[in-house]
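Okay, everyone, thanks for coming. Let me put the structure up, and then we'll talk about rings and helices.

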Amino acid sequence: HIDETGQVLKPEVHILLDNSSSMSGAKWASAKAGIQNIYSSLSDNINLSLSIFSSVNTLISPTTCSQVIGLSNLPAVPNANTPTKSALAEIYAMKDTLFGTNDKVAKKLIIITDGEPTNYDYRNQSNQVTASCQGNTVSNVITEISKFNEAHIQTYIVGFGNLTEGL
């Protein structure tokens, strides 16, 4: 994209990567390789950022892909549950930081996941609930995705395995 002054406007692309335990093994390796491929193929033409999510890691602060290219910031093994709706809500809250506010810049969100969203509770050592993550249903994920679409952020889902109908 080129603006009226002739300045090239690189699209803003954010990848939200499922880091739950069901992503382990070949799925995790494929996802990491795919992200590296996107970066190495398109880094001159897009601005790329990355977040991962699971109930153990919560949502890690977005880092630029150039810091992640060696995958040093990604956990070696995924773990825990899949709070997709919660992760999307946090990314949406940071949308101006991640995607900028220039309406002329193309904005894309890529969600890489393999499963149905799940609920969970954080518990302390005494097994008391200290925080809760509820509402992670397919319909609530769709509602969160629609917010991105309303904000003119195109959303794509890359799925591994048998995804729930309707996503």
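So, how many aromatic pairs does the structure hold? There is 1 aromatic pair. And keep in mind that this is a predicted model.

The pair is Tyr-92 with Phe-148: the ring centres are 5.3 Å apart and the planes sit at 85 degrees, so we call it edge-to-face. The cut-off there is over 60 degrees.

Now, buried or exposed? Phe-148 comes out at 0% relative accessibility, so that one is buried. Tyr-92 has a relative accessible area of 24%, which means partly exposed. Buried would need under 20%.

Tyr-92 has another neighbour too: Lys-95 lies over the face of its ring, 4.6 Å from the ring centre.

Let's step back to the helices. For two packed helices, you describe the angle between the axes and the distance between them. Here, H3 and H5 pack at about 20 degrees, with axes 9 Å apart. That angle makes H3 roughly parallel to H5, and their crossing is left-handed.

Which residues make the contact? On the H3 side you've got Thr-84, Lys-85, Leu-88, Ala-89, Ile-91 and Tyr-92. From H5 come Asn-140, Val-141, Glu-144, Ile-145, Lys-147 and Phe-148.

Okay, over to you.

Key. Residues are numbered from 1 along each chain as its sequence is written. This is a predicted model: local features need pLDDT of at least 70, side-chain atom pairs count only at pLDDT 80 or more; totals for chains, interfaces and linings use all residues. Side-chain values use heavy atoms; hydrogens and water are left out. Rings of Phe, Tyr and Trp (its six-membered ring) pair if their centres lie within 6.5 Å; planes under 30 degrees apart count as stacked, over 60 as edge-to-face and the rest as tilted. Buried means under 20% relative accessible area, exposed over 50%, partly exposed in between (1.4 Å probe, protein chains only). A charge sits over a ring if NZ of Lys or CZ of Arg is within 6 Å of the ring centre and within 35 degrees of the ring normal. Axes are lines fitted to C-alpha atoms, for helices over the stretch in contact, and angles run from 0 to 180 degrees between N-to-C directions. Helices (H or I, at least four residues) and strands (E, at least two) are DSSP runs, numbered from the N terminus. Angles under 35 degrees count as roughly parallel, over 145 as roughly antiparallel, 65 to 115 as roughly perpendicular and the rest as oblique. A crossing is left-handed if the near helix is turned anticlockwise from the far one by less than a right angle, and right-handed if clockwise. Contact means heavy atoms within 4.5 Å.
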